[in-house]
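User: I would like to learn how to read the features of a protein model, one at a time. Could you give me the general idea in each case and then turn to the example at hand?

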Amino acid sequence: MPFPAANQVQTSQQSSKHYGITSPISLALPKEVDLVLAQKLTEALKPYGVFEEELELQRRILVLGKLNTLVKEWIRDISETKNLPMSIIENVGGKIFTFGSYRLGVHTKGADIDALCVAPRHVERPDFFSSFYEKLKEQEEVKDLRAVEEAFVPVIKLSFDGIEIDILFARLALQTIPEDLDLRDDGLLKNLDIRCIRSLNGCRVTDEILHLVPNIENFRLTLRAIKLWAKRHNIYSNILGFLGGVSWAMLVARTCQLYPNAVASTLVHKFFLVFSKWEWPNPVLLKQPEDCNLNLPVWDPRVTPSDRYHLMPIITPAYPQQNSTYNVSVSTRAVMIDEFKQGLAITDEILQNKAEWSKLFEAPNFFQKYKHYIVLLASAPTEKQHLEWVGLVESKIRILVGNLEKNEFITLAHVNPQSFPGPKEEIEKEEFSTMWVIGIVFKKMEGSENLNVDLTYDIQSFTDTVYRQAISSKMFEPDMKITAMHVKRKQLHQLLPNLVIQKRRKHSTEGVRLLNESSLDLSLDSDNSMSIPSPTAALKSCPFNHAANPPGHSPVPSATNPLDPQAKADAVGSTDSPGGVSNGQKSASAAAKSTRAVTSTQAMNRTPPLTGPPAAKPAVKRTGSPPMEERSKKPKLEEDPAAETDSTAMDIEARSSLELASGEEMSESQGEVNTEGEGKDSEEKSTASVPVPQIVLNTDLSDVPLLPPNPIPVVKNSIKLRLSR
């Protein structure tokens, strides 16, 4: 059969062969105890659904065979319509290649398949999205067919006989496509457009990884264990600033190179040993980079200044070499390094027979780990709009994390990659919402002074970025909202289902049972983010706490660069992923902005000015705030200090809702919007004059055109906290 996961690659190679850019650390052969531990590891992985039954695997091979036949028929038909000679038509070829977790041989039950359709030079991309799309539509087995032609990496998504498949397209500068085509050949990249090069990259990287490890079976079992561990510990998400599937695969591959004769049980331990002590930002390389003189941009800190500031570079082995971890931030790297150290301690115990493998896969209680959280809520009026909106918001959460960690009062911002269905604001009104939770660690304060920390600017600059991109990509619809609120640990039960919080308190075996009961399959594959369905029943009746942080509206004009390829990737290409998970893959840096300490009675109602793209430089903590006038003052809602037993007490300052009033006036000459907000109950009426800048600069390093002429009302989020020792 033409589509085994990776059986085309020799699974056992000479250990004497040199792998990687350095000599091995150890050539020691496995002992009997190592083989026993490897078998125990396999047994420990089985309850999590990481292994697929042989019957299901054969079904995948059959489906891919049918798809391959369809591709050959389609290319032959195209060749005939373009009047090619019959001698060429007979041998024109065409082929489906696979990449990602399936190609690596580590896919899990129910995982989708990443595929690439390779065609000869006379078949063009419009043909793929027209005639091939129509051919797929005619197949009885094909369901949920959709094309995302404008994505950063254009794709056709479908379900073929119940198996989810994403198909990319690459047109090679060849007259025919031979059956034995090796996509690792750099010469194939000559004269290709950038979209074809991007489409080929997944296959080329996957194939290189498989050719750069000493023993593929040991590599696979180790990678299955590490991926499950990463998902269970909430650090599996490229788009949110952790690592995606290909990055984890490269770290495991490097470990295999350093210990070429070790079995999986030893390799898992060595993985944690190597990367808990790795001196970041030294890059992880599987082979020496090669220059093919094709003038394609490659990761090279000697040439590209911005590459020098990547925090955790893991470099893909295929030309053009890229850093697969450009989204990693100070906070996410700190979280991952801490997890590496804990993983090392646990595997030390396992190797000493003081613990079982199940301990490594116990999910930590994220909701008990921090004293303070920021809950981010994205909502839209229809399911389709919600899917698109969630994809865009999630692709930009890393900007919010970057903003928060630059705040001088914050030492860590840890976003949980798992999202949750959000509570409804109005039970009668149909609304779809998704919620993310960010754990916050505040700096320990010296002295006895009380400081009021204002996070409004950090959050507002993030929401401005999202709204600008939504408008630029013509995705924005009325009632698409982003709301942020500060929640203490003891308040989380009001927003999160009891099932989730209880599940994370259980021992690992009970966690598996609860995981299965609630359909939370943590083994699902997604190279960019966690694609995990969450239980919804418990949230439907969950109250939404408006008293502490009432969402308001403020007229914030928004715009972004329509030519920015990342914008299209985030807003178009990624929104069809399961669960609204985004697949945008370009780096974006939040600009360094400033924060402030304010007195307990201060309140700012003005939208903070947006910062522009900075020159590449290390992140700097903010020590001051952007100049803003004080527009109004209102009473604060304060919690009882005695009710919080934590060492850091918080008070939340509530802000009146500011909405675009029907009688507001827009002063063209002064560039101001006059709004009147109506307070609730004891809150005062307040008026705010919000200047509208003529040019707004994006916070994610993309150029931005002039503002649209008609500003729109968006939710303005204000979070102000009192820190006391």
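Analyst: Helices and strands are taken as DSSP runs, a helix having at least four residues and a strand at least two, and they are numbered from the N terminus. In this model, which is predicted, the secondary structure of the chain comes to 17 helices and 18 strands.

User: What percentage of the 725 residues in the chain is buried?

Analyst: A residue is called buried when its relative accessible area is under 20%. Buried residues account for 58% of the 725 residues here. As for contacts between residues at least 6 apart in sequence, 76% of them join residues that are at least 24 apart.

User: How should I read the pair formed by the rings of Trp229 and Trp248?

Analyst: Two aromatic rings pair if their centres lie within 6.5 Å, and planes over 60 degrees apart make the pair edge-to-face. The structure holds 26 aromatic pairs. For Trp229 and Trp248 the ring centres are 6.0 Å apart and the planes stand at 85°, so this pair is edge-to-face. The pair links distant parts of the chain, since Trp229 belongs to helix H7 (residues 216-232) and Trp248 to helix H8 (residues 245-258), 19 residues apart.

User: How do the axes of H8 and helix H9 cross?

Analyst: An angle from 65 to 115 degrees between axes counts as roughly perpendicular. The axes of H8 and H9 (residues 264-276) come within 9 Å and cross at roughly 105°, and the two helices are therefore roughly perpendicular to each other. Residues from H8, including Trp248, Leu251 and Val252, meet residues of H9, among them Phe271 and Phe275. The residues of this contact divide into nine nonpolar, one polar and two charged.

User: Where does the charged end of Lys231 sit, and what lies over the face of Phe152?

Analyst: The charged end of Lys231 is placed over the ring of Tyr236, 4.6 Å from its centre. Over the face of Phe152 lies Arg198, at 3.8 Å from the ring centre.

User: In which strand is Ser379 found, and is Ser379 buried or exposed?

Analyst: Ser379 is found in strand E6 (residues 372-380), and with 1% relative accessibility Ser379 counts as buried. Leaving aside neighbours within four places in sequence, Ser379 has contacts that include Trp389, Glu431, Asp479 and Lys481.

Note on methods: Residues numbered from 1 in each chain as written. Predicted model: local features only at pLDDT ≥ 70, side-chain atom pairs only at ≥ 80, totals over all residues. Heavy atoms only, no water. Phe/Tyr/Trp six-rings, centres within 6.5 Å; stacked < 30°, edge-to-face > 60°. Lys NZ or Arg CZ within 6 Å of the ring centre and 35° of its normal. Axes fitted to C-alpha atoms, helices over the stretch in contact; angles between N-to-C directions. Parallel < 35°, antiparallel > 145°, perpendicular 65-115°, else oblique. Contact = heavy atoms within 4.5 Å. Nonpolar A, V, L, I, M, F, W, Y, C, P; charged D, E, K, R; others polar. Buried < 20%, exposed > 50% of the residue type's maximum accessible area, 1.4 Å probe, protein only.
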